[in-house]
Amino acid sequence: MASTAVVIVFSLMVNYLALAEKREYKLGLLIPYSTVVPHFADDFDRGEKFAAAMTIAVERLNADPTLLADYNVTFEWKDTKCNELIAVREQLNQINSGVQAFIGPGCNCHTAARNAAAFNKSMISFVSMLSSLILCIFI
């Protein structure tokens, strides 16, 4: 169920990328892999609990001939450790490596959202601790 929702989100993000001459879409996943965020008592945003969903979603997306048949979706992920400076550094590393859209970061998306906008990249943050940025979507 959750992986189906992830596939839908990815397909929507990829549709907004205007890079028709390229045959590969590279997504960047920025997650706090094993860091516990003190604001959540149940470890809601520990990436180790859901990181595998990205692999499953990308595999299903690539296997479905009705979705992006001429493209291969890939991803790279980085552990942000719920640290804004690490998240921004890793995001810039991903931009330099050819990432075209982002999922995350999971703890604080304000600066990363501005970076994504500055580089004209799509970004969806699944959790943000800033009340004004509960869901950051820049497309």
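Colleague: Leaving aside its neighbours within four places in sequence, which residues is Asn115 in contact with?

Modeller: Asn115 touches Val88, Gln91 and Leu92, where contact means heavy atoms within 4.5 Å. Keep in mind that this is a predicted model, where local features need pLDDT of at least 70, side-chain atom pairs count only at pLDDT 80 or more, and totals for chains, interfaces and linings use all residues. Residues are numbered from 1 along each chain as its sequence is written, and side-chain values use heavy atoms, with hydrogens and water left out.

Colleague: Where does Asn115 lie, and is Asn115 buried or exposed?

Modeller: Look in helix H4, residues 110-118. Helices (H or I, at least four residues) and strands (E, at least two) are DSSP runs, numbered from the N terminus. Asn115 has a relative accessible area of 15%, so it is buried. The cut-offs are under 20% for buried, over 50% for exposed and partly exposed in between, with a 1.4 Å probe and protein chains only.

Colleague: And Thr66, buried or exposed?

Modeller: Thr66 counts as exposed because its relative accessibility is 67%. You'll find Thr66 in the loop between helix H2 (52-63) and strand S2 (72-79). Its side chain makes a polar contact with the side chain of Asp64, at 2.5 Å.

Colleague: On to helices. How far apart are the end C-alpha atoms of helix H3?

Modeller: An α-helix has 3.6 residues a turn, so residues three or four places apart point the same way. The end C-alpha atoms of H3 (residues 84-96) are 18 Å apart, which agrees with the 18 Å that its 13 residues should span at 1.5 Å a residue. That expected span is 1.5 Å times one less than the number of residues.

Colleague: Which residues of H3 are buried, and what covers them?

Modeller: Ile86, Ala87, Val88, Glu90, Gln91, Gln94 and Ile95 are the buried ones. Their cover includes strand S1 (24-31), S2, strand S3 (101-103), H4 and strand S4 (122-125). Just after H3, Gly98 takes a positive phi of about 100°.

Colleague: Now the core. Which residues touch the most other members of the largest nonpolar core?

Modeller: In soluble globular proteins, nonpolar side chains tend to be buried together. Here, Tyr25, Leu27, Leu29, Met54, Leu68 and Val73 touch the most other members of the 13-residue core. S1, H2 and S3 each give two or more residues to this core, and the largest share, four residues, comes from S1. A nonpolar core is a set of buried Ala, Val, Leu, Ile, Met, Phe, Trp, Tyr and Cys residues joined through side-chain atoms within 4.5 Å.

Colleague: How many residues of S1 are buried?

Modeller: Seven of the eight residues of S1 are buried, so the strand is largely enclosed by the rest of the structure. Eight bridges join S1 to S2, running parallel, and Tyr25 has Val73 as its bridge partner in S2. S1 also runs parallel to S3, joined by three bridges, with Leu29 partnered by Ile103.

Colleague: How many salt bridges does a search of the whole structure find?

Modeller: Side chains of opposite charge can pair when their charged atoms come close. The search finds two salt bridges, each a side-chain nitrogen of Lys or Arg within 4 Å of a carboxyl oxygen of Asp or Glu. Glu76 pairs with Lys26, with the closest N and O atoms 3.2 Å apart. This pair links distant parts of the chain: Glu76 is in S2 and Lys26 is in S1, 50 residues apart. Glu76 is buried at 19%, and Lys26 counts as buried at 19%. Lys81 pairs with Asp79 at 3.8 Å between the closest N and O atoms, and Lys81 is partly exposed, at 45%.

Key: A polar contact is a pair of N or O atoms within 3.5 Å; within protein, one must be able to donate a hydrogen and the other to accept it, and residues adjacent in sequence count only if both atoms are side-chain atoms. Two strands pair if DSSP finds at least two bridges between them.
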